[in-house]
Amino acid sequence: MPVPEIKEIDFRQHVSQTGRQLMWFLGAGASRSSGLPTATDLIWDLKLRYYCSQENQDVVAHDVSNRSVQARIQAYMDSKGFPPLCDPAEYSFYFELLFGKDYAAQQNYLNTALATEKISSTIGHRALAALLNLGLARIIFTTNFDEVVESAYASLSGKNLTTFHLEGSYAALEALNAERFPFYAKVHGDFRYQSVKNLSDDLLHNDREIQKCLVAAAARFGMVVSGYSGRDGNVMAMFREAIEQNNAFPHGLYWTVTRISRVEKPVRELMDYAHSKGVKGGIIETGTFDEMLAKIWRLVADKNPDIDGKVRSATAKQVRIPLPPAGTTYPILRTNALRITGFPSTCGTIDYDGDLDIKQLKDVLFEKRPPCSVCYTDRILFWGDGKELAKFYEPDRVKSISSFEIDDLVRAIDASTYLKSMVEQTVATALVADKPLLLRKQGKTWYAITNHEEANSDALKPVRDALSWKDRDGKVHNGVVNGRVPGLKDAHWAEAVSLRVEERNGELWLLLQPDVWISPNKMREEATDFLYQKKIRRYNKQASQILSAWIEIFLGGVGKRDANVIAYKGTEHSAEFQISMRSAFSRRSDKNV
């Protein structure tokens with residue numbers, strides 16, 4: 001029977017409820033967001049150093065994050081008969097290749113690569129440190145050499161975290177038996193100590209005392225594994241030893257990954273073995289370490305406000321300048337912002353096996369324009385028709401199309417410009433749906449443009465009315481929403497409005513900016529004088545009327561109510577937004593501030 005894949009929400013609830021009975025095992029992936037390199041990063045750095053030394057190349061001139069540079073370096077390594085790419089032996093092989101048995105040189109290298117001053121505290125480590133401080137997590141094991149966890153715990157609690165490495169490994173089992181929690185144990189040792197275990201001979205003889213502690217703890221606790229690929233055969237053998245005990249991991253064994261499709265074969269084999277032994281648990285797709293711990297922390301009840309503030313605070317403190325009190329006197333200034341009062345809590349996601357050429361995919365999506373909005377974070381997220389979107393990816397690599405829970409869209413937009421861009425496209429798509437409008441993008445901004453072919457549509461009457469004018473004789477002339485640009489061949493103009501989404505003070509706002517579109521857009525600079533004359537007389541009254549006209553076209557009216565708009569209606573992953581029909585406004589303050 002294959003190992004089960006557990007829903008993230010079920011896993012989070014289990015951890016929040018039974019955290020005291022769960023220990024944690026962290027790999028290098030848990031430290032990456034703190035600015036520290038993973039084992040893979042170190043391997044590529046060692047390869048680069050060796051390649052440059054052998055080929056008399058300048059290290060600084062090579063960007064090892066570039067795929068073409070990686071391909072050239074790997075081809076060189078392959079020509080030498082070195083371990084193939086992603087082989088579990090790479091890590092030890094390249095350390096030995098560059099440093100031999102020189103422990104001091106190895107220590108100096110790791111001291112520089114994993115220096116404490118390079119650590120940037122992240123919400124994931126702060127949340128885990130808070131769980132330790134509250135007793136909701138009690139034991140952490142790791143293969144990491146860095147001090148990320150210790151630093152986060154000291155900063156949050158004001159205390160030092162008891163840490164066991166190779167020099168003091170004998171005491172780890174004693175601490176477990178005496179229940180001196182919390183404590184932190186480093187399976188491969190701490191890089192600050194001379195007996196650091198990082199070479200192949202050493203990896204085969206890892207410190208048995210700390211391993212004994214983990215195996216003993218596995219008879220009493222469950223375990224959450226995070227940020228660990230499972231490449232180290234010695235560590236995986238330790239896990240197997242723990243599983244072979246009677247009543248192993250009584251509170252479950254949970255292996256968390258950013259994406260299910262990237263689970264390494266040794267991990268699936270180990271989890272299958274655990275499942276065959278009756279160990280409950282499974283593999284969970286949780287996103288990044290930070291995403292997972294932030295969501296778990298939100299489920300913790302009765303949080304200490306001071307601790308909660310430290311967990312949620314960024315490394316750089318946000319400056320909060322108190323706003324002046326709301327004004328109550330005239331004049332009233334109308335703004336072009338509409339509050340987005342409701343938004344989706346889920347979107348679609350594609351589980352894709354392998355790396356993506358993002359630029360190439362963006363070019364294809366721009367050309368083909370499937371009915372969906374897409375962004376790429378650590379996964380593929382979208383709203384719209386997932387089946388149509390999946391056609392643009394290699395079919396054998398698309399594992400599944402499913403829903404993804406967006407825990408807090410406002411926070412997510414504030415943290416990710418990629419997600420913000422997807423939200424803007426989706427809102428714009430919802431606003432123009434089933435209307436005589438065209439949706440175009442200029443730079444990073446979306447525009448809704450009146451369609452030349454439907455200039456007389458009843459739906460555009462509000463704009464035509466707002467643009468109407470009286471001549472000197474009092475005759476009313478109907479407004480015009482598009483036409484040819486005088487003096488420019490094959491150039492047209494059209495009434496338009498830019499559409500942007502912004503986060504302000506914890507809320508989302510839709511910003512509408514009426515404009516005039518020139519087509520083709522490359523001729524806009526040549527139409528500067530025309531645009532000036534077109535917009536120069538749009539004073540406050542008419543500007544307000546034009547804004548109201550666009551609100552009426554998009555939302556069906558102007559007033560105090562909220563309107564619902566839907567993007568990609570009829571698809572499995574449609575997106576519905578609620579938007580206020582009344583634009584934000586400001587009154588003069590009562591005080592001279």
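## A walk through a predicted chain

Of the 593 residues in the chain, 49% are buried, where buried means under 20% relative accessible area, exposed means over 50% and partly exposed is in between (1.4 Å probe, protein chains only). This is a predicted model, so local features need pLDDT of at least 70 and side-chain atom pairs count only at pLDDT 80 or more, while totals for chains, interfaces and linings use all residues. Residues are numbered from 1 along each chain as its sequence is written, and side-chain values use heavy atoms, with hydrogens and water left out.

The chain has 21 helices and 22 strands. Helices (H or I, at least four residues) and strands (E, at least two) are DSSP runs, numbered from the N terminus. Take the contacts between residues at least 6 apart in sequence: 72% of them join residues at least 24 apart. Contact here means heavy atoms within 4.5 Å.

**Around helix H7**

What is buried in helix H7 (residues 148–157)? The buried residues there are Val-148, Val-149, Glu-150, Ala-152, Tyr-153 and Leu-156. Their cover includes strand E3 (139–142), strand E4 (162–164) and strand E5 (183–186), along with helix H14 (305–312).

E5 pairs in the parallel sense with E3 over four bridges, and it runs parallel to E4, joined by three bridges. (Two strands pair if DSSP finds at least two bridges between them.) Ala-185 stands opposite Phe-141 and is also the bridge partner of Phe-164.

**An open sheet**

Further along, four strands form an open antiparallel sheet in the order E11-E12-E10-E13. Strand E11 (372–376) and strand E13 (398–405) are the edges, each pairing on one side only. From one strand to the next, the twist averages 30°. E13 runs antiparallel to strand E10 (residues 346–352), and seven bridges join the two. Tyr-352 stands opposite Val-398 in E13.

**Salt bridges**

How many salt bridges does a search of the whole structure find? The search finds 22, each being a side-chain nitrogen of Lys or Arg within 4 Å of a carboxyl oxygen of Asp or Glu. Here are some of them:

| Pair | Closest N and O atoms |
|---|---|
| Arg-12 and Glu-8 | 3.5 Å |
| Arg-12 and Glu-405 | 3.5 Å |
| Lys-535 and Asp-515 | 3.0 Å |

Arg-12 and Glu-8 sit four residues apart in helix H1 (residues 8–18), about one turn of the helix. The link from Arg-12 to Glu-405 ties together parts that are 393 residues apart in sequence, because Arg-12 lies in helix H1 and Glu-405 in strand E13. Arg-12 counts as buried because its relative accessibility is 5%, whereas Glu-405, at 31%, counts as partly exposed.

Lys-535 is in helix H20 (residues 528–535) and Asp-515 in strand E20 (residues 507–519), so this pair ties together parts that are 20 residues apart in sequence. Lys-535 is partly exposed, with a relative accessible area of 34%, while Asp-515 counts as buried at 13% relative accessibility. Elsewhere, salt bridges that share partners join Lys-420, Glu-424, Arg-500, Glu-502 and Arg-504 into one network.

Conventions. Axes are lines fitted to C-alpha atoms, for helices over the stretch in contact, and angles run from 0 to 180 degrees between N-to-C directions.
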